[in-house]
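Q: I have a two-chain model open in my viewer and I'd like to learn how to read it. Can we go through the features one by one?

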Amino acid sequence: MADAPAWAAEARTTATANLDALPVLTGMEEEWRFTPPADLAMTGPEPSGAGATGTVVLPATEGRSARLAFTDGVPAPAEIIDLPDGVIVSELGQALIDHESLVRPRLYSLAGFDDRPGALNAAHWDAGTFVFVPRGVHLTLPVETVLTATGATGRVFGRTLIIVEEGAKATVVDRYVSPDLDGPVQASSVVEMFVAEGGELEHVSYIGWGSGMRHHATIRASTGKDARARSVNVTLGGDVVRVEPTMYCHGSGSDARALGMYFATGNQHFEHRVVSRHEAPQAYSNLLYKGAIQDTAHTVFFGNLVVPPGAPGTDAYQTNRNLILTEGARADTIPFLEIETAEVKCSHAGAVGRVDDEQVFYLMSRGVPELEAKHLIVYGFFQEVLDQISFGELRDELAAAARAKVR
Amino acid sequence: MSTAKPEIDIDTTYKYGWHDPANYVFEPKKGLNADVVREISALKNEPEWMTKFRLRSLEIFESREIPDWGGDLSSLDFQDIFYFIRAADHQGRSWDDVPDDIRNTFDRLGIPEAEQKFLAGVSAQYESEVVYHSIREDLEEKGVIFCDTDTALREHEELFREYWATVIPPGDNTFAALNSAVWSGGSFIWIPPGVQVDIPLQAYFRINAESMGQFERTLIICEPGSYVHYVEGCTAPTYSADSLHSAVVEIIVKKGARCRYSTIQNWSNNVYNLVTKRAVAHEDAVMEWIDGNLGSKLTMKYPAVWMVGPRARGEVLSVAMAGPGMHQDAGAKMVHVAPDTSSTIISKSISQGGGRTSYRGLVKVEPGARRAKASVVCDALLLDEDSRSDTYPYMDIQEEDASIGHEATVSKVADDQIFYLMSRGLSEEAAMAMIVRGFIEPIAKELPMEYAVELNRLIELQMEGSIG
């Protein structure tokens, strides 16, 4: 971002100053007590990098409209495969210059740098993804970004900005992958998405890191009048991962959904903090997260439906279900509701349970081996979320990746 | 609120808002320090260990922060509170022994009348100490101990000391530390093995003075196979200066015993009600909290059950109603420590006229609590646009074969329900009241009849004038 325009350089300076000025997070704060920032390698000196221990094979570009790949935060040239006229897929640092009028009003507007994770990303990101789909254009094939870490550096940053104009339609996939690494590597990503009136966006975030990764991810979506935004987040990899999706219903009649699945095994620790904010009347939101936990892994789900005054006709749901597969695993679920409008329908549900012995027994009695029976049950459990991913190839890949973790 | 500053807040719906002229036997100065704590202990002629316990608790309190979560405590000034007021120089065993002005208060509250009809024992606390106490003779003969906590320390010191602060130590939280330093009054109950107390024991807590702090301390021990239902009610006059009620309630329910603890809290809306309540349930024991929060400016109260013995069961039924200027931050905590334990939390809350209700709860399944089962259901009704309802459920599950569920809903009273009832000839207000009554029915039906009636009446009073 060497040639960044003055306004972008200024934002970076402020973010850097905020990093010094903001109190250091200790892990004693209510918001941080389940996943101390130190475990995310967010405090202390920059990790030195573990040294490369393998390479990542990128998936084929088949079926994508464009792809951007970043290795340790460094972008490769964009692979533009099939984009309709007017659609822009560009490296974000370059877009600051090339598409200033589109980028400037929106960058940092949903995820700023007043808090420590926001300031950290804003101060350090070097490259990212910019996607723009103009009014009325339907982008049928997904745009994919792949952020990889090799262990050569101790920090990997990514940032994505997506703009879907009125009546336009797009699918964007952000993929985070690495080989198993020895030492801690810190990853930070921020996704800001804007869906204008009548537009439609599906965003899939797939966290498929190898071991050694500590990742803080922020996802923010703004939906305009009658717009639809769907954020699907799949967390399978990394040692310590914290994902914070927030869906803003900014326009009346908007439809915002945050769906997620996570599967933590070994010593993995995942926290998901999922929020929907109804800032306009007659909007619909649905938060649905399902998790499986095995070995001595620990997962935390925090959800919040926020309905400030002045959002009558709100229709909002929140569900978190957890399947504990083995003794020693732990799940926390904390589904909040904060309602200040009377004309609402809101509900939430949280549950933690185990694989039903009877179901396993039944499948075994039909000749299915025990492990395969467990695979089927876990697969069935996640199906509700996987079904929401319209890109069939990715859906199959994720289902296979999740099933491969069952012990 | 038009012309001159009124002496008291006008709150037409609060029936218990009068106060009596103050006529105290001992009334220390406002404020809190080690001398005040020593003075309270000396006035009560306490053994040295208790004085030390109080002073140690004061140190803990002073080292703690005031919680910044839950409700807004920023205008609570701990130096502007009376920590101990002695209203009578001795305790009555009959109402005739109670000073006239205080007896009048309890007459107006209807306590002596209720005692004759429904209760096995009554304790009445006025400011810091219990002024009246009685228990049915047959229970006394069976060995049931029901007295105020100060008397228990004097007369049953050994038993008292065995259990005191074992469930809620002073370091548990800021307000438990404060209570431990300045506690006074409350009930002490010991139910011998196998004794079933068939009708409820009741305590009534009344704050009369302005800027009063009431810090009662209740300790209940149910020996194996016993049963008791303890009921408490609370009111205070409506003043412009705030009062503080910060109680600690500890309960031990031993093997196969059952304890039910019902509270209908109807403090006036200038009282901060910050209470720690916790029970330990042993093998096959049952602990039930029925918790009605209808009054106070701010309540922060989360009755807890620690299920430490196999097959122990915990239950919390909670009703909260918040009107103008009120915040009810109420809920429950269930901690499953032993296998095959089960718990249920049912919370119903109603917000109206700008009031705020929050459900805040914790369900924790510790490693080893195999086959634990927990269910949490929270329903909230919002009666108008200005009110607020929050749900803050925490669930921490560390056992593979636990089965935990939580459900919550927030809704407005449906217009078509109101319309239907009005078409059958009810006024809008009556229709609304009927719907609210139906909403809390699952909890009201668990209360003794006269309390259920009282609960419904209090809710109707709060709703008066809320429509139109």
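Predicted model: local features only at pLDDT ≥ 70, side-chain atom pairs only at ≥ 80, totals over all residues.

Q: Which hand does the crossing of H1(B) and H2(B) have?
A: The crossing of H1(B) and H2(B) is right-handed.

Q: And at what angle do H1(B) and H2(B) pack?
A: The general idea is that two packed helices are described by the angle between their axes and the distance between the axes. In this case, helix H1 (residues 34-43) and helix H2 (residues 48-63) of chain B pack at about 155 degrees, and their axes are 10 Å apart. Angles over 145 degrees count as roughly antiparallel, so H1(B) and H2(B) are roughly antiparallel to each other.

Q: Which residues of H1(B) and H2(B) meet?
A: From H1(B) you have Ala34(B), Val37(B), Arg38(B) and Ser41(B), and they meet Met50(B), Thr51(B), Arg54(B), Leu55(B) and Leu58(B) in H2(B). Sorted by class, this contact of H1(B) with H2(B) has five nonpolar, two polar and two charged residues.

Q: Which residues make the contact of H9(B) with H10(B)?
A: H9(B) brings Gln417(B), Ile418(B), Leu421(B) and Met422(B), while H10(B) brings Glu428(B), Ala431(B), Met432(B), Met434(B) and Ile435(B). In the contact of H9(B) with H10(B), seven residues are nonpolar, one is polar and one is charged.

Q: Over to chain A. How do H1(A) and H4(A) pack?
A: Read the angle and the distance again. Helix H1 (residues 6-21) and helix H4 (residues 116-124) of chain A pack at about 135 degrees, with 8 Å between their axes. That angle makes H1(A) oblique to H4(A). As for the hand, the crossing of H1(A) and H4(A) is left-handed.

Q: What does H1(A) use to meet H4(A)?
A: Ala11(A), Arg12(A), Ala15(A), Thr16(A), Asn18(A) and Leu19(A) in H1(A) are set against Ala119(A), Leu120(A), Ala122(A) and Ala123(A) in H4(A). Going by class, the contact of H1(A) with H4(A) divides into seven nonpolar residues, two polar and one charged.

Q: Now the contact between the chains. How many residues does it take from chain A and from chain B?
A: With an interface, count the residues on each side, then ask which elements supply them. Here chain A gives 31 residues and chain B gives 29 residues. Strand E19 (330-339) and strand E20 (344-354) of chain A each supply at least two residues of the side that touches chain B. The largest share of that side, 11 residues, comes from E20(A). By class, the chain A side has 15 nonpolar, seven polar and nine charged residues.

Q: In which sense do E19(A) and E21(B) pair?
A: E19(A) and strand E21 (residues 388-397) of chain B pair in the antiparallel sense, over six bridges.

Q: Last one: how do I read the overall build of each chain?
A: Chain A has seven helices and 20 strands. Its radius of gyration is 21 Å, close to the 22 Å from the globule rule for 407 residues, so chain A is as compact as a globular protein of that length. Chain B has 11 helices and 22 strands. The radius of gyration of chain B is 22 Å, close to the 23 Å that the rule gives for 468 residues, so chain B too is as compact as a globular protein of that length.

Methods:
Residues numbered from 1 in each chain as written. Chains lettered and ligands numbered in written order. Contact = placed C-beta atoms within 7 Å. Helix = DSSP H or I, 4+ residues; strand = E, 2+ residues; numbered from the N terminus. Nonpolar A, V, L, I, M, F, W, Y, C, P; charged D, E, K, R; others polar. Pairing = 2+ DSSP bridges. Axes fitted to C-alpha atoms, helices over the stretch in contact; angles between N-to-C directions. Parallel < 35°, antiparallel > 145°, perpendicular 65-115°, else oblique. Left-handed = near helix turned anticlockwise from the far one by under 90°. Rg over C-alpha atoms; globule rule 2.2 N^0.38 Å.
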